[in-house]
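Visitor: I have a model open and would like to learn how to read its features one at a time. Could you take me through it?

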Amino acid sequence: MDIIATTAELEELCQALSRDSFIAVDTEFMREQTYWPVFCLIQIAGASREAIIDPLAPGLELDAFFALMADSRVLKVFHAALQDI
């Protein structure tokens, strides 16, 4: 499993996953001692790759991840998605 902490790594991962017919996604938030939840981890897997993404990594831009989420050609399977909304 890859640990993604740079924009270049994230772009490469999302490009690979965009070729899969579906991906599984799970996100984690820190909620203790915060007024608003802090987005702190993305777990993602497809047929070809799996990784954890550190959205708190310095300088990491999530544009590639958001583009993958908006890609209607790739089915997304979320774990406990109601909490993520």
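Visitor: Is T6 buried, exposed or partly exposed, and what is its relative accessibility?

Guide: Buried means under 20% relative accessible area and exposed means over 50%, with partly exposed in between, using a 1.4 Å probe and protein chains only. T6 counts as partly exposed because its relative accessibility is 35%, and T6 is found in the loop between β1 (2-4) and α1. Helices (H or I, at least four residues) and strands (E, at least two) are DSSP runs, numbered from the N terminus.

Visitor: What should I keep in mind about the numbering and the model itself?

Guide: Residues are numbered from 1 along each chain as its sequence is written, and side-chain values use heavy atoms, with hydrogens and water left out. This is a predicted model, in which local features need pLDDT of at least 70 and side-chain atom pairs count only at pLDDT 80 or more, while totals for chains, interfaces and linings use all residues.

Visitor: Which residues of helix α2 are buried, and why do they line one face?

Guide: An α-helix has 3.6 residues a turn, so residues three or four places apart point the same way. In α2 (residues 63-70), the buried residues are A64, F65 and L68. Seen down the axis of α2, they fall within an arc of 100° (taken from the directions from the helix axis to the C-beta atoms), so they line one face of the helix. On the other side of α2, D63 and A70 are exposed.

Visitor: What do the buried residues of α2 pack against?

Guide: Contact means heavy atoms within 4.5 Å, and the buried residues of α2 pack against α1 (7-17), β2, β3, β4 (50-53) and β5 (75-78).

Visitor: Which residues touch the most other members of the largest nonpolar core?

Guide: A nonpolar core is a set of buried Ala, Val, Leu, Ile, Met, Phe, Trp, Tyr and Cys residues joined through side-chain atoms within 4.5 Å. The largest one has 18 residues, of which L10, L13, I44, I53 and F65 touch the most other members. The element that gives the most to this core is α1, with 4 residues.

Visitor: How many aromatic pairs are there?

Guide: Rings of Phe, Tyr and Trp (its six-membered ring) pair if their centres lie within 6.5 Å; planes under 30 degrees apart count as stacked, over 60 as edge-to-face and the rest as tilted. The structure holds 3 aromatic pairs. One of them, F29 with F39, is stacked, at 5.2 Å centre to centre and 25° between the planes.
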